[in-house]
Amino acid sequence: MVEKKVRIPEAGQWPDKLALPALAAGAVLTTVGFLMAFLFAAPVNGAALDTPELVNGVMVTHQQLISQKIFYFHMPVAIVSFVMLIFSAYYGIRFLTTREQRFDTCSRVAMELTLLFVIFTMVTGDLWTRFEWGVWWTWEPRLTTYLILMLIVIAYFVMRNSIDDPERRATYASVISLIAFVDVPICFMITRLIPSSVHPVIAREGGMTPDMAATVLVVMIGMMLVAFGLYRLRFREARLAERLQALKDQLED
Amino acid sequence: MGRPSAFAQYKTLLAKDLRQEFRTREMLTSMGIYALLVIIVYGAALALTARGIDIANMGGGLLWVLIVFTSLLGLGRSFAHEKEQACMDGIMLVPLDRSVIFLAKATANILFMLAVEVITVPLFYFFFMSGQPVAATFFWVVAPLLVGTIGMAGIGTMLSTITMNTRSRDVMLAILFIPLIYPLLYACVTATTAAIAGTEFWTDFFVMPLVLACGYDVVMLLVCWVLYDFVVSA
């Protein structure tokens, strides 16, 4: 059997050249998306209101139409958090099959970004909850499963900190990232299994108008680029720290 | 002489755990007393309100809180003596499939948790629900209890193997265990409450959560079963 050479990610490989441009492009696209959300995308159902009015049988106010703009950031950020968690689980599998510490670093960095984007989602979602439903929190299925996801991601870091042996830490962390990954489809499917009025399944409810879809797409691509740029920069930083530590250890010996 | 079959190894490991428990009675006593203490805490928490509210609607939730905390205590102990007396190293020396260890440990945990539930559910009924007529569907609570116990024992066995080697292991177990069983807990509480209340359309809130709980059990047990080799060898 031919031993297949495993390509190991390292700081300074070609994706690093793209990190800063991706970050800049992501910032520009997200800003454009922000402006589009307010200037280009029509209010939901095409309503433009000065006074409270009935739209599709629901009483809608102007304030509600403004807070609806949160959607253009809330959904892309949530999707990016899922994507980063998938990457973390992927690198977890790579670690378990190759036993190469580098993949553990990748998995950890991806999980850090998952936590960042999960927090973004929670903040935007909570603003929405407060202004739309008048409460800070409600035990709605998707909110609950997403909160659980956040707690698992936090537990992942707590667990990492309580183990000293790097090999064992990496194994356990990979296993937890894989188990956390099980929550992604649950979180994603829950609104389809248990229909609730507050998190619409967009495709089922007639889809988005082209201007809404365009805005979501711009923000989503922007956020993906931001996530990619941050991932590479953070990975480089983590790798350089590891190499520095290795050199220090060598000097001491 | 050939190697013993996986099933024979499984039986030996399970018998070892059960025999140890029968001799020390460590887990069952601590879990049982702890469950009783939680019930007493409920007594204080509900002292003024228990007559005012409809306990049948809350019974399922309270019962599951009791089960979650009791099993957390038991699961934390389940690998403690393996670690203390280095029994785990002995088991690891035996040339057996690592997932057999998982299955044996998980089965032992299921049996201990079921044994505690057999005592605590009647106690819970005795203390909080005996003043009310029992719904005809009450005995269906057995189904969510069984499904929930299997899933919690499976996930818990995996996690207690992980936390066995961490600092402050009991806290770590709780931090990992509660989020991971949450979907299961949610579904089981819904099904249990439906069975206890036993209203006209109770099956609407019973069958679907139970199916989801079974699905979560299957997925989680498979994931744990596959990954256990890595965890226990680390």
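**Notes on the A–B contact, a helix pair and one alanine**

1. The contact between the two chains takes 19 residues from chain B and 19 residues from chain A, where two residues are in contact if their C-beta atoms, placed from the backbone, lie within 7 Å. On the chain B side, α8 (169-197) and α9 (207-233) are the elements giving two or more residues, and α8(B) gives the most, with 7 residues. By class, that side has 15 nonpolar, 3 polar and 1 charged residues (Ala, Val, Leu, Ile, Met, Phe, Trp, Tyr, Cys and Pro count as nonpolar, Asp, Glu, Lys and Arg as charged, and the others, Gly among them, as polar).

2. A word on the model: it is predicted, local features need pLDDT of at least 70, side-chain atom pairs count only at pLDDT 80 or more, and totals for chains, interfaces and linings use all residues. Residues are numbered from 1 along each chain as its sequence is written, while chains are lettered from A and ligands numbered from 1 in the order in which they are written.

3. Within chain B, have a look at helix α2 (residues 26-45) and helix α6 (residues 98-129), which pack at an angle of about 25° with their axes 10 Å apart. The two are therefore roughly parallel (angles under 35 degrees). Their contact includes M31(B) and A35(B) of α2(B) and V116(B) and I119(B) of α6(B), and its residues divide into 13 nonpolar, 3 polar and no charged.

4. Finally, A37(A) sits in helix α1 (residues 15-39) of chain A. A37(A) counts as buried because it has 20 C-beta neighbours inside 10 Å (the cut-off is 20 or more other C-beta atoms within 10 Å). Leaving aside neighbours within four places in sequence, A37(A) is in contact with K69(A), Y72(A) and T215(A). The C-alpha atoms of A37(A) and Y72(A) are separated by 6.7 Å, although these residues are 35 residues apart along the chain.

Definitions and conventions: Helices (H or I, at least four residues) and strands (E, at least two) are DSSP runs, numbered from the N terminus. A residue is buried if 20 or more other C-beta atoms lie within 10 Å of its own, exposed if 12 or fewer, and partly exposed in between; C-beta atoms are placed from the backbone. Axes are lines fitted to C-alpha atoms, for helices over the stretch in contact, and angles run from 0 to 180 degrees between N-to-C directions. Angles under 35 degrees count as roughly parallel, over 145 as roughly antiparallel, 65 to 115 as roughly perpendicular and the rest as oblique.
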